[in-house]
Amino acid sequence: MQMWDQRFSEAGFKYGTEPNAFLQEAAQRLAPASELLVPGDGEGRNGVWLASQGHAVTSVDSSRVGLQKAQALAAEKGVSLCTALVDLADWSPQPASMDGVVLIYVHLPSAIRRRAHLALAQGLKPGGWLILEAFHPLQLQHHSGGPKDGDMLYTPEQLSAEFEGLLQPVLAWHGETVLAEGPGHQGLAHVTRWLGQSI
Ligand SMILES: C[S@@+](CC[C@H](N)C(=O)[O-])C[C@H]1O[C@@H](n2cnc3c(N)ncnc32)[C@H](O)[C@@H]1O
C-alpha cells in the first residue's frame, strides 16, 4: 500500500474537513460555477468545499483511499465531486480546459514537479487562476507538518520562474502563519502562497 493510502486509512481526516484558509480567500476571485481542477486533493476537504460554493470540481490524486474518503465527504455534504486516480508524474489535464487549478500542499519532488506544474498551468483557459499553498524551505525548522526534504519544499521565486510565460503572478509570498488543519498541520508554519492568472 502506498504511503498516502496508509496515512488516509487512519480514522478521521488527516488535514481536517474544513478548507484551507488561503484557498477560501483566493477563491473569491473565481467566477460563479467555475470548472476547477484540484490535483492532490487527498481526502477532499478543499474540493468538497469548492463544490459547495457552486463550482464544478474534479479532484485527482494517486491515493485511492483519499479519493474514496473525498467521495464520502462530498456525499455527507450533499455535493457532487468528480474524482480520478492519477499520478501527477505522467498525467496532464486537457489543455485550456479549466477556470482554476488548486494546489494545496501538493509537494512533488523536483524531478517531476516542473513537468507537472507546466502541464497543470497549460490546463488553464486564458484568464484562469492557479491557487497554490505549500511549505517553504524555512518550514524545516518547524514541527507543524510537511515533508522533511528540502527538494519537496517551494519558494515563491521558484514557482514564479516555473510558471513564467504561462501565468501572470498576482501574489508570490512566503511567511509565517498558524495552521489548524486536522492532526497533520498544527501550529506555527512557514508557507509559500502563490496566485497567478493564465496569460
Ligand atoms: C499533504 S497531502 C494534501 C492533501 C490535500 N491537498 C489537503 O490539503 O488536504 C498531499 C496529497 O498529494 C497527493 N500526491 C502526492 N504525490 C502525488 C502524485 N505524484 N500524483 C497524485 N497525487 C499525489 C497525495 O496522495 C496526497 O493526497
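Student: In which sense do strand S5 (residues 124–135) and strand S7 (residues 185–198) pair, and over how many bridges?

Tutor: Strands of a sheet pair through backbone hydrogen bonds, either parallel or antiparallel. Here S5 and S7 pair in the antiparallel sense over seven bridges; two strands count as paired if DSSP finds at least two bridges between them. Leu 132, for example, has Trp 194 of S7 as its bridge partner. Strands (E, at least two residues) and helices (H or I, at least four) are DSSP runs, numbered from the N terminus. Residues are numbered from 1 along each chain as its sequence is written. Please note that this is a predicted model, in which local features need pLDDT of at least 70, side-chain atom pairs count only at pLDDT 80 or more, and totals for chains, interfaces and linings use all residues.

Student: How many bridges join S6 to S7?

Tutor: S6 and S7 run antiparallel and are joined by 14 bridges. One of the pairs is Gly 175 with Val 191 of S7. The hairpin of these strands has three residues between them, and Gly 182 takes a positive phi near 60° there.

Student: In what order do the strands form the open sheet?

Tutor: The seven strands follow the order S3-S2-S1-S4-S5-S7-S6, with mixed pairing. Strand S3 (82–85) and strand S6 (167–181) are the edge strands, each pairing on one side only.

Student: Which strands does helix H5 touch?

Tutor: Helix H5 (residues 110–122) packs on the sheet and touches S1, S4, S5, S6 and S7. Contact requires C-beta atoms, placed from the backbone, to lie within 7 Å. The direction of H5 makes about 140° with that of S5; such angles run from 0 to 180 degrees between N-to-C directions, and axes are lines fitted to C-alpha atoms, for helices over the stretch in contact. Helix H6 (residues 156–163) lies across S5, S6 and S7, at about 145° to S6.

Student: At what angle do helix H3 and helix H4 pack?

Tutor: Two packed helices are described by the angle between their axes and the distance between the axes. Helix H3 (residues 45–52) and helix H4 (residues 64–77) pack at an angle of about 30°, with their axes 9 Å apart. H3 is therefore roughly parallel to H4, a term for angles under 35 degrees. The contact involves Gly 47, Val 48, Ala 51 and Ser 52 of H3, and Ala 70, Leu 73, Ala 74 and Lys 77 of H4.

Conventions: Parallel < 35°, antiparallel > 145°, perpendicular 65-115°, else oblique. Contact = placed C-beta atoms within 7 Å.
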